[in-house]
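Here are some exercises to work through with the viewer open.

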Amino acid sequence: ELRPLNNAFPSPDVQFVDLTDFFSNVAERVYLDQIHYNERGNEMLAARFAQDVKGYLAQRRRTPSETN
């Protein structure tokens with residue numbers, strides 16, 4: 001289980017996103033085999049990563065840096 005890792009990163013510069021259940025409600029095929037994603041699975045993950053990074057960057061712009 002990956003969820004306990006969420007608290008394992010004390011730095012605000014390290015973001016942990018648990019996508020364990022990301023495909024749980026997806027009916028279409030997203031795997032080539034038991035481990036590897038197919039093109040559609042990769043597209044869906046890339047879109048989610050982009051969304052998360054954009055949100056993180058927007059939050060960083062609103063929050064003053066602790067190092068400044």
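**Exercise 1. Aromatic pairs**

Find how many aromatic pairs a search of the whole structure gives, then classify the pair formed by phenylalanine 23 and tyrosine 37.

Solution. 
- Start with the count: the search of this predicted model turns up 4 aromatic pairs.
- Next, take the geometry of phenylalanine 23 and tyrosine 37: the ring centres are 5.4 Å apart and the planes meet at 45°. Planes under 30 degrees apart would count as stacked and over 60 as edge-to-face, so this pair is tilted.
- Now place the two partners. Both phenylalanine 23 and tyrosine 37 lie in the segment before α1, so their pairing ties together parts that are 14 residues apart in sequence.
- Finally, widen the view: Phe22, Phe23, Tyr31 and Tyr37 make up one aromatic cluster.

**Exercise 2. The surroundings of phenylalanine 23**

Decide whether phenylalanine 23 is buried or exposed, list what it touches, and find the largest nonpolar core.

Solution. 
- Check accessibility: phenylalanine 23 has a relative accessible area of 12%. The limit for buried is under 20%, so phenylalanine 23 is buried.
- List the contacts, not counting residues up to four places away in sequence: phenylalanine 23 touches Val30, Tyr31, Tyr37, Gly41, Met44 and Leu45.
- Then turn to the largest nonpolar core, which has 5 residues: Leu19, Phe23, Val30, Met44 and Leu45.
- For background, nonpolar side chains in soluble globular proteins tend to be buried together.

**Exercise 3. Salt bridges**

Count the salt bridges in the structure, and work out which residues are joined into one network by shared partners.

Solution. 
- The count comes to 3 salt bridges.
- Take arginine 40 with glutamate 28: their side chains meet at 3.2 Å, N to O. Arginine 40 belongs to helix α1 (residues 39–62) and glutamate 28 to the segment before α1, so this bridge ties together parts that are 12 residues apart in sequence.
- Arginine 40 also forms a salt bridge with glutamate 43, at 3.6 Å, N to O. Here both residues are in helix α1, 3 residues apart, or about one turn of the helix.
- Go on to aspartate 52 and arginine 48, whose side chains meet in a salt bridge at 3.1 Å, N to O. The two are 4 residues apart in helix α1, about one helical turn. Aspartate 52 is partly exposed with a relative accessible area of 22%, and arginine 48 is partly exposed with 23%.
- Look for shared partners: they join Glu28, Arg40 and Glu43 into one network.

**Exercise 4. Asparagine 38**

Where does asparagine 38 lie, and which residues is it in contact with, leaving aside neighbours within four places in sequence?

Solution. 
- Locate it: asparagine 38 sits in the segment before α1.
- Test its burial: with a relative accessible area of 13%, asparagine 38 is buried.
- Look at the polar atoms: one in the side chain of asparagine 38 lies 3.1 Å from the backbone nitrogen of arginine 40.
- Complete the picture: beyond those sequence neighbours, asparagine 38 is in contact with Arg29, Val30, Tyr31 and Leu32.

Notes: Residues numbered from 1 in each chain as written. Predicted model: local features only at pLDDT ≥ 70, side-chain atom pairs only at ≥ 80, totals over all residues. Heavy atoms only, no water. Core = buried A, V, L, I, M, F, W, Y, C linked by side-chain atoms within 4.5 Å. Buried < 20%, exposed > 50% of the residue type's maximum accessible area, 1.4 Å probe, protein only. Contact = heavy atoms within 4.5 Å. Salt bridge = Lys/Arg side-chain N within 4 Å of Asp/Glu carboxyl O. Phe/Tyr/Trp six-rings, centres within 6.5 Å; stacked < 30°, edge-to-face > 60°. Polar contact = N/O pair within 3.5 Å; in protein donor to acceptor, adjacent residues only side chain to side chain.
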